[in-house]
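I opened my notebook to look up how this protein is divided and where it leaves open space. Here is the structure I worked from.

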Amino acid sequence: MAPNLPPALSGIEALVFDLMGTCTDWHTSILSAMREHPPPPPLKDADLPSLALDWRTAFFRFIFASFNAGEQAPDIDVVHARTLDELLREKGVSNEVWDTHVREKLVKAWHLQTAWPDSVEGIRRLKERCTVVVLANGTTRLQLDIIRSARLPFDTLFSSQILQATKPDPLIYRKALESLGLRSEQTAMVAAHAYDLRAAAKLGMKTVYIQRRTEDPDEDMKAVREDVDMFIDGAGRGGGLMELADMMGA
C-alpha cells in the first residue's frame, strides 16, 4: 500500500470518475463561449460569470427534479437548451438579442471543455496504477467530445445513455460495477459533487472528493470531509488528481 493512502482505499482496482467539474473546468469553457457574443441586455459582461454558474445550477435542479419524480432526464443538450431559455427569460433577455443560433452554439459549447491543470497528467499517472473510467450523466457523444477536447486519457466511459440510468440512481453505479466485473469495495468514485459520492458510498464504493472552485457552492465542506474516504483540495497544478496519484503511489 502507498505510504500516504488511507487504509479505506487499499485494494482499489478501478477509479470511477465524474467528468464535468471534476476533471474539466467547464466554467472557463462556457464563459469563453459566451464572450464570443455581445452581452445580452440588460446583462453586462461582468454578469456573465454568474450567468454561467446559474446555468449549471439550473441544470442540476432539473436533473434532481427528474430523478425525484422517477423520470429519466431528457438528452443533456435538451436540458441545457431548456434551462438556458428559462434562465435568460428570468433575467429579462429577449430572444432577439441572443437568438436561436447563439443559444444553439452555447449548448454545443458544453461538448468542448478544458481540463483542470492537474487532470491530464494525474489521470495518466493513475492509469498506470489501476483502471480509470468515466461514469457521468449525459449522452455518449457528449462524453466522447469532452474527453477528446480535454485530452483526458481514460480507459473507457459509461454514460447515462449507455447504462440507461442517471446519477444518483443506484442502478447506474451497479451497472458500472457489473461492466467492470468488480465488487464495490474494489472501486472508488472520484467526484467534485458530494451527492454523487453519497450515492456511490451507499453501494459500498469508496469515495474521493476533489474540491473544485466551481462545484458544490451550497455544501458544508466540513460535513463533506467527514462523509468521504479522502478529501483533496483541487487547486493548483500539483493538487487534485496529481495529489491523488501521489497518494496512490502512481
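Before I sort any lining by class, I note the rule: Ala, Val, Leu, Ile, Met, Phe, Trp, Tyr, Cys and Pro count as nonpolar, Asp, Glu, Lys and Arg as charged, and the others, Gly among them, as polar. I also keep in mind that this is a predicted model.

**Entry 1: the largest pocket**

I applied that rule to the lining of the largest pocket and got 7 nonpolar, 3 polar and 8 charged residues. The lining has 18 residues, and those nearest the pocket's centre are Thr 57, Phe 60, Asp 216, Pro 217 and Asp 218. For the volume of this pocket I wrote down about 380 Å³.

Which helix gives the most to this lining? I found that H2 does, with 7 residues. Helix H2 spans 48–68, and helix H9, at 194–202, also supplies at least two lining residues.

**Entry 2: two domains**

Next I looked up the division of the chain: domain 1 covers 7–23 + 116–248, and domain 2 covers 27–110. Their centres, taken over C-alpha atoms, are 25 Å apart. In the contact I find 19 residues from domain 1 and 13 residues from domain 2.

Going back to the largest pocket, I see that each of the two domains gives at least three residues to its lining.

**Entry 3: where the domains meet**

The size of an interface is often given as the accessible area lost when the parts come together. Here the area buried between domain 1 and domain 2 is about 1200 Å², and carbon and sulfur atoms give 66% of it. On the domain 1 side, Met 20, Leu 142 and Thr 166 supply 33% of the area buried against domain 2, more than any other three residues.

How many salt bridges are there between domain 1 and domain 2? I count 1 salt bridge between them. I also noted that Arg 56 forms a salt bridge with Glu 215, with 3.8 Å between the closest N and O atoms.

I then searched the whole structure for cavities of 30 Å³ or more and found 1. The largest cavity holds about 110 Å³ of space. It is lined by 13 residues, with Asp 18, Met 20, Arg 56, Ala 136 and Asn 137 closest to its centre.

By class, this cavity's lining has 7 nonpolar, 3 polar and 3 charged residues. H2 gives the largest share of the cavity lining, 3 residues. Domain 1 and domain 2 each provide at least three residues of the cavity lining.

How values were computed
Residues numbered from 1 in each chain as written. Predicted model: local features only at pLDDT ≥ 70, side-chain atom pairs only at ≥ 80, totals over all residues. Heavy atoms only, no water. 1 Å grid on protein atoms, 1.4 Å probe; cavity = no way out; pocket = protein on both sides within 12 Å on 5 of 7 lines; lining within 4 Å. Points joined across faces, edges and corners; volume = space filled by probe spheres on them. Helix = DSSP H or I, 4+ residues; strand = E, 2+ residues; numbered from the N terminus. Domains from an automatic or database assignment. Contact = heavy atoms within 4.5 Å. Buried area = accessible area lost by both parts, 1.4 Å probe. Salt bridge = Lys/Arg side-chain N within 4 Å of Asp/Glu carboxyl O.
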